[in-house]
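Hi,

Here is the structure I promised to pass on.

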Amino acid sequence: MVEDRGKPPGAIFVLGADRSGTSLVAELAVRWGAHPGDPARLGETDELNPRGYFELVPMQELLRDLARALDLSLWDPAFPARVAELADRSPWRERAEALVADMESEGSPWVWKEPLLGLYLGFWERVLAAPPICIVTVRRPHDAARSFVRASFPEEMSQRLKLVTYFVLRWQVLLRATLESLERYPAHLVVAYESLLKSPVQQVDRLCRFLAARLGSRAEPAERLGEMLEAIDPGLWHHKSEIPFCDLEQVLAPQKDLLGHLERRAADQPEPFDPARFAFPPYYREWLDNLDTFRDFLAAAEPGFRLSARDRRRLPWRSAEEA
Amino acid sequence: VRLRPILVLGVERSGTSVVSDLIHRWGADAGDLSRHVASDDHNPQGYFEYLPMQSFLHDVLVSTHGSLWDPGFAGRMERLALDPRYRDRAQALIAEMEAAGRPWLWKDPLLSLEMPFWERFLPTPVCVVTVRNPNDSGRSFARMNFPEPLRRRVRTNSYFAFRWQFTMLAVLDYLERNPDHLFVRYERLLEDPAGQVARLGHFLDTRLAAGDGAEDRLAQMLAAVQPGLWRNRSGASFFDLPEVIAEQKELLCYLDRRASDDPEPFERARYPLPPYVVEYLEDFNLLAQRLHRLEPAGPDLPRRRQRAEAALAEA
């Protein structure tokens with residue numbers, strides 16, 4: 001454990017599905033006073049996230065290498081448990097401890113954000129001296145899906161692909177794995193993206209109070225709140241569907257139930273988590289694996305379409321292009 | 001002998017080609033054989049797909065400006081049948097087939113989904129429907145349509161089971177309006193060729209009032225059944241696959257009973273398609289087609305379409 005150097009300053013993990021406000025919440029945590037690691041290693045910005053993704057490149061590379069070492073689909077139900085076992089093995093433990101030591105060297109709370117982190121919580125639980133403080137974002141999955149398609153495919157294809165069923169499955173797997181782990185970590189907060197943009201003052205204050213209670217204050221409350229509020233630009237709230245998630249025909253009852261569960265937790269209505277309520281449909285793994293495969297092969301074959309550096313860092317296998 | 005058409009229906013890679021071969025050997029005219037899709041490793045005895053008909057099926061599909069899997073597809077087909085441009089082409093194709101003066105045969109997997117169009121022009125076809133373990137058909141389908149190394153990575157158990165369920169429900173919907181049909185179980189045909197060929201021959205003889213020579217016809221037909229071509233046997237039962245849903249298992253049981261001449265009524269409500277199926281099929285196809293630089297009908301059609309176009313251009 002990375003505990004020998006005295007009480008560690010505290011790790012914050014921002015979790016949630018892709019395109020669900022995780023970057024915004026990570027930025028809020030940074031503005032609150034957590035440090036995200038070497039700014040030069042925070043990856044690229046792009047037009048979808050002009051202020052950045054707040055994802056530490058060496059951390060993402062470690063996650064990718066762990067998945068490649070397992071040679072197991074991220075979407076295999078055994079993945080979280082299998083990857084957790086690697087925390088006790090060399091060289092993974094040494095690499096993980098070096099990363100954590102680097103983050104702790106600043107002596108202040110630090111923050112990591114990466115949507116796939118939800119699948120790796122068991123791994124980090126074995127490496128960190130204390131469980132991370134987790135902030136989970138929740139956004140209406142079909143809105144996040146539109147954003148995801150736009151971020152993942154060339155313009156002409158993104159207009160034709162729906163991928164709501166795909167994304168909702170991805171969201172369900174990530175959030176269910178996250179919630180299962182959070183049963184062991186009392187220090188977590190669920191933040192609804194829509195509430196954050198509709199009631200920024202209230203939600204930022206809620207976030208500040210949550211972090212201060214766990215990690216102490218980083219600055220004067222008013223000053224801190226003002227800095228954080230500046231990060232929220234409702235103009236960046238794209239992909240708002242008119243149709244409620246619960247009215248979508250292709251969404252299954254357990255998925256609607258999961259969103260309801262998360263929304264209640266985001267409204268500070270504690271509710272026990274029972275994974276059996278949120279069962280996956282039988283085709284879920286096939287579709288999740290196939291989409292990753294198609295996208296990988298398309299990027300190798302399609303003129304004008306390449307995986308971004310961020311995508312390549314996150315791909316759990318050697319890309320078709322590399323191969 | 002009556003001049004009725006014989007249509008072979010069923011999902012891809014479920015024995016539609018071998019059954020077409022049997023019907024052809026029975027005596028049905030399959031059109032000018034030089035204008036058929038050429039045989040290949042996947043179907044060494046031929047596809048029995050008549051290129052002008054196939055090309056037209058494809059044009060009809062494209063003209064609906066929609067997805068094959070969309071619930072509104074059947075309605076669009078029916079409307080298209082009223083369009084004189086398509087009506088005239090359909091009638092010309094039928095007239096071409098009738099010119100031989102004997103029962104004639106069409107087979108193409110797309111026919112199963114386009115029957116709402118053809119019903120207007122073919123009021124009383126005789127139909128033969130093939131049933132095979134969908135898992136084996138799916139393996140064959142993947143082998144045929146996904147080149148290495150993609151084939152090693154793409155998984156098709158769910159995809160093909162949904163494609164099969166969708167197709168067979170469309171066939172069963174149509175057969176509710178057409179009592180002249182026979183279900184043939186592919187596995188039984190290869191395990192008991194004599195019994196199944198006799199059953200098919202008897203069905204065709206009675207429906208189409210064939211005359212003497214039944215024994216000769218059966219002998220001709222039997223020669224087409226090559227158990228050596230029974231490939232892509234997964235060894236796994238369809239019922240044991242985790243991706244297969246209860247309704248699909250029940251549908252296979254139902255089709256199996258129909259192939260055993262059990263005249264059980266069809267109740268569509270027992271085999272509902274899950275609500276996410278259409279989107280999965282559409283997105284999967286779009287991505288697969290993009291990879292193959294294919295056209296909008298399904299991963300398999302473009303390859304055939306290319307063959308069709310090349311052959312027609314030569315002709």
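Not counting residues up to four places away in sequence, B:D29 touches B:M97, B:A100, B:R102, B:P103, B:W104 and B:L105. Before you read too much into any of this, keep in mind that the model is predicted.

To find B:D29, look in the loop between helix 1 (16-26) and helix 2 (51-63) of chain B. Is B:D29 buried or exposed? With a relative accessible area of 13%, B:D29 falls under the 20% cut-off, so B:D29 counts as buried. Its side chain also makes a polar contact with the side chain of B:R102, at 3.4 Å.

The buried ones are B:T16, B:S17, B:V18, B:V19, B:S20, B:D21, B:L22, B:I23 and B:W26. After helix 1 of chain B comes B:G27, which has a positive phi, near 135 degrees.

**The cores**

In soluble globular proteins, nonpolar side chains tend to be buried together. Here, the largest nonpolar core has 156 residues. Those with the most contacts inside this core are A:F13, A:W112, A:Y120, A:W124, B:W106, B:F117 and B:W118. Which helix gives the most to this core? That is helix 8 (residues 157-175) of chain B, with 13 residues. Another core lies apart from this one; it has 30 residues, and A:A29, A:W32, A:V191 and A:L211 are among them.

You will find A:F13 in strand 1 (residues 11-15) of chain A, and A:F13 counts as buried because its relative accessibility is 0%. Leaving out residues up to four places away in sequence, A:F13 touches A:W110, A:W112, A:L117, A:L121, A:W124, A:L128, A:P132, A:I133, A:C134 and A:I135. For a sense of scale, A:F13 and A:E106 are 93 residues apart in sequence, and 17 Å apart in space from C-alpha to C-alpha.

**Aromatic rings**

How many aromatic pairs are there over all chains? The count comes to 40. B:W106 has 0% relative accessibility, so B:W106 counts as buried. B:W118 is also at 0% and therefore counts as buried.

Over in chain A, there is a charge sitting over a ring: the charged end of A:R295 is over the ring of A:F153, 5.9 Å from the centre of that ring.

**Where the chains meet**

Across the interface, 31 residues of chain A are in contact with 27 residues of chain B. The size of an interface is often given as the accessible area lost when the parts come together. For chain A and chain B, the buried area is about 2700 Å², and carbon and sulfur atoms give 61% of that. Which residues of chain A lose the most area to chain B? They are A:E286, A:F294 and A:F297, which together make up 27% of what that side buries.

**Backbone spots to check**

Three places in chain A are for anyone who likes backbone angles.

- The peptide bond from A:S90 to A:P91 is cis, with omega near 5 degrees. A:P91 lies in the loop between helix 3 (79-85) and helix 4 (92-104) of chain A.
- A:R19 is not a glycine but has a positive phi, near 55 degrees. A:R19 is in the loop between strand 1 and helix 1 (22-32) of chain A, and A:R19 is buried, with a relative accessible area of 18%.
- A:D268 likewise has a positive phi in a residue other than glycine, near 60 degrees. The loop between helix 12 (253-266) and helix 13 (284-301) of chain A holds A:D268, and A:D268 is partly exposed, at a relative accessible area of 48%.

Cheers

Methods:
Residues are numbered from 1 along each chain as its sequence is written. Chains are lettered from A and ligands numbered from 1 in the order in which they are written. This is a predicted model: local features need pLDDT of at least 70, side-chain atom pairs count only at pLDDT 80 or more; totals for chains, interfaces and linings use all residues. Side-chain values use heavy atoms; hydrogens and water are left out. A nonpolar core is a set of buried Ala, Val, Leu, Ile, Met, Phe, Trp, Tyr and Cys residues joined through side-chain atoms within 4.5 Å. Buried means under 20% relative accessible area, exposed over 50%, partly exposed in between (1.4 Å probe, protein chains only). Helices (H or I, at least four residues) and strands (E, at least two) are DSSP runs, numbered from the N terminus. Contact means heavy atoms within 4.5 Å. Rings of Phe, Tyr and Trp (its six-membered ring) pair if their centres lie within 6.5 Å; planes under 30 degrees apart count as stacked, over 60 as edge-to-face and the rest as tilted. A charge sits over a ring if NZ of Lys or CZ of Arg is within 6 Å of the ring centre and within 35 degrees of the ring normal. A polar contact is a pair of N or O atoms within 3.5 Å; within protein, one must be able to donate a hydrogen and the other to accept it, and residues adjacent in sequence count only if both atoms are side-chain atoms. Buried area is the accessible area (1.4 Å probe) that two parts lose on being put together, summed over both.
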